[in-house]
Amino acid sequence: QKPEPYLPLWTYTAVGWTEQGFCTSAVRIDPMTHSEPCHYDDREIVKRVEQRIKMDPGNRLLHHLKHCALSYHCFAAKNLFMGRWEAPLPTSPSCNAFCAGCLSLQPRDGCAASHERIDFVPTPDEVVRVALPHLKNVKQGIVSFGQGCEGEPLLQSALLEESIRRMRQGTELGTIHLNTNGFCSQSIQRLRETGLDSIRISLNSAREETYNAYYCPKGYQFRDVIRSIQTAVDSGLYTAINLLVFPGITDLEPEVSAFVDLVRKSRVQMIQMRNLSIDPELYLDLFPPQNGQAIGILNLIRLLKKEFPQMEIGYFNRPRELFKKQLNAL
């Protein structure tokens, strides 16, 4: 019997019990430890948040990220205030995809969203006042557009262009990154010319029918996303595909074949494998009965490593200093 309502938008897996204790199926995909709880002592983070807010009390974006850090416990927002790693720059209240598993906006009769979406468009000045200190002062620092608490950042491409231009006028340090659904290759090209360093384009599949069932794109098509991946690579951006992984779908033989073909043609530098946070029943209900056998996620990883030995497989966005280095956990 299906749950009513669907389960919240978190990642789920089967858990069993053996003589040694609890047991589950999992594989570590990235050696970086940036998500481990030992880095997130809220007693220290709260103090850092208050100190940073006092430095720029009128910045709406900073107040939004305070809420993300302290109410939703967003690690990226916490990293901003701790002055380390990757800092978020949400900008877009709207989106042109209606993903079944959207973390920040769900229909009233759907599952609960994980958090609220940003409800304003920050000014370039607000964005730069958050980003520039991070780029200047954080070793291997990254600032990134396209967060879970927003829609599609390329819908604010003019804002992104102006913000990036001002960042690069202020410093050549650090990495400026974009997470996107990749609906507009022309915008990606302009952002590259302005100073964008890297990009991560999200897919749940390299097959149009599987992609459309989950993303429900409005005003763009699957071929636009594929074009954007190629544009990003050809323009010199460090390009990653953000593969939303769901065992039993992602590792089906037709899905694997299409994805390997996409990677071979595009020559992306990295695959980020990210658990799709969704009720399994909700996701499976999106598709008709599937053909082919599932090869297993671990076998998919092994296949990608064999086919593309120079490509990185991981989870976290990389700073410029690590663009040509492999940190594979496997």
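Helices and strands here are DSSP runs, numbered from the N terminus. By that numbering, Gln140 falls in the loop between H4 and E4. The model is predicted. An open sheet of seven strands runs through this briefing, along with a nonpolar core of 86 residues and a cluster of aromatic rings.

**The sheet**

- The strand order is E3-E4-E5-E6-E7-E8-E9, and the pairing is parallel.
- Strand E3 (86–88) and strand E9 (312–314) are the edges, each pairing on one side only.
- On average, neighbouring strands are turned by 25 degrees against each other, direction ignored.
- Strand E7 (residues 238–245) and strand E8 (residues 270–275) are joined by six bridges in the parallel sense.
- Within that pairing, Leu244 has Arg274 of E8 as its bridge partner.
- Helix H7 packs on the sheet and touches strand E6 (198–203) and E7. The direction of H7 makes about 90 degrees with that of E6.
- Strand E4 (residues 142–145) pairs with E5 over four bridges, again in the parallel sense.
- There, Ser144 has His177 of E5 as its bridge partner.

**Strand E5, enclosed**

- Strand E5 (residues 175–180) is largely enclosed by the rest of the structure, because six of its six residues are buried.
- Cover comes on both faces of E5. Thr175, His177 and Asn179 are buried on one side. Ile176, Leu178 and Thr180 are buried on the other.

**Asn242 in strand E7**

- Asn242 belongs to strand E7.
- Its relative accessibility is 3%, so Asn242 counts as buried; the cut-off for buried is under 20%.
- Beyond its neighbours within four places in sequence, Asn242 is in contact with Arg200, Ile201, Ser202, Leu203, Gln272 and Arg274.

**The nonpolar core**

- In soluble globular proteins, nonpolar side chains tend to be buried together.
- Here the largest nonpolar core has 86 residues.
- The residues with the most contacts inside this core are Leu89, Phe145, Met167, Tyr214, Ile271, Met273 and Ile278.
- Leaving aside neighbours within four places in sequence, Leu89 touches residues including Leu61, Val127, Val130, Ala131, Val143, Phe145 and Met167. Also among the contacts of Leu89 are Ser144, Gly146, Gln147 and Glu150.

**Aromatic rings**

- The model has eleven aromatic pairs.
- Tyr214 and Tyr215 make an edge-to-face pair, because their ring centres are 5.1 Å apart and their planes stand at 85 degrees. Planes over 60 degrees apart count as edge-to-face.
- Tyr214 and Tyr215 are both buried.
- Tyr214 also pairs edge-to-face with Tyr283, at 5.8 Å centre to centre and 70 degrees between the planes.
- Tyr214 lies in helix H7 (residues 208–215) and Tyr283 in helix H10 (residues 280–284), so this pair ties together parts that are 69 residues apart in sequence.
- Tyr283 is buried, as is Tyr214.
- Ring pairs join Tyr211, Tyr214, Tyr215, Phe222, Phe246, Tyr283 and Phe287 into a cluster.

**Charges over rings**

- Arg84 lies over the face of Tyr40, at 4.8 Å from the ring centre.
- Arg274 has its charged end over the ring of Tyr315, 4.0 Å from the centre.

**Helix H3**

- Helix H3 (residues 75–82) is mostly covered, with seven of its eight residues buried.
- The buried residues are Ala76, Ala77, Lys78, Asn79, Leu80, Phe81 and Met82.
- Their cover includes helix H1 (42–55), helix H2 (60–70), E3 and helix H4 (124–137).
- Gly83 follows H3 and has a positive phi, near 65 degrees.

**Loop residues**

- His73 sits in the loop between H2 and H3. Its phi is positive, about 55 degrees, although His73 is not a glycine.
- His73 counts as partly exposed, at 39% relative accessibility.
- Gln140, in the loop between H4 and E4, is another residue other than glycine with a positive phi, near 55 degrees.
- Gln140 is partly exposed, with a relative accessible area of 32%.
- Gln221 is placed in the loop between H7 and helix H8 (222–235).
- Gln221 counts as partly exposed, at 37% relative accessibility.
- Gln221 and Glu208 are 13 residues apart along the chain, and their C-alpha atoms are separated by 8.8 Å.

How values were computed:
Residues are numbered from 1 along each chain as its sequence is written. This is a predicted model: local features need pLDDT of at least 70, side-chain atom pairs count only at pLDDT 80 or more; totals for chains, interfaces and linings use all residues. Side-chain values use heavy atoms; hydrogens and water are left out. Rings of Phe, Tyr and Trp (its six-membered ring) pair if their centres lie within 6.5 Å; planes under 30 degrees apart count as stacked, over 60 as edge-to-face and the rest as tilted. Buried means under 20% relative accessible area, exposed over 50%, partly exposed in between (1.4 Å probe, protein chains only). Helices (H or I, at least four residues) and strands (E, at least two) are DSSP runs, numbered from the N terminus. A charge sits over a ring if NZ of Lys or CZ of Arg is within 6 Å of the ring centre and within 35 degrees of the ring normal. Two strands pair if DSSP finds at least two bridges between them. Axes are lines fitted to C-alpha atoms, for helices over the stretch in contact, and angles run from 0 to 180 degrees between N-to-C directions. Contact means heavy atoms within 4.5 Å. A nonpolar core is a set of buried Ala, Val, Leu, Ile, Met, Phe, Trp, Tyr and Cys residues joined through side-chain atoms within 4.5 Å.
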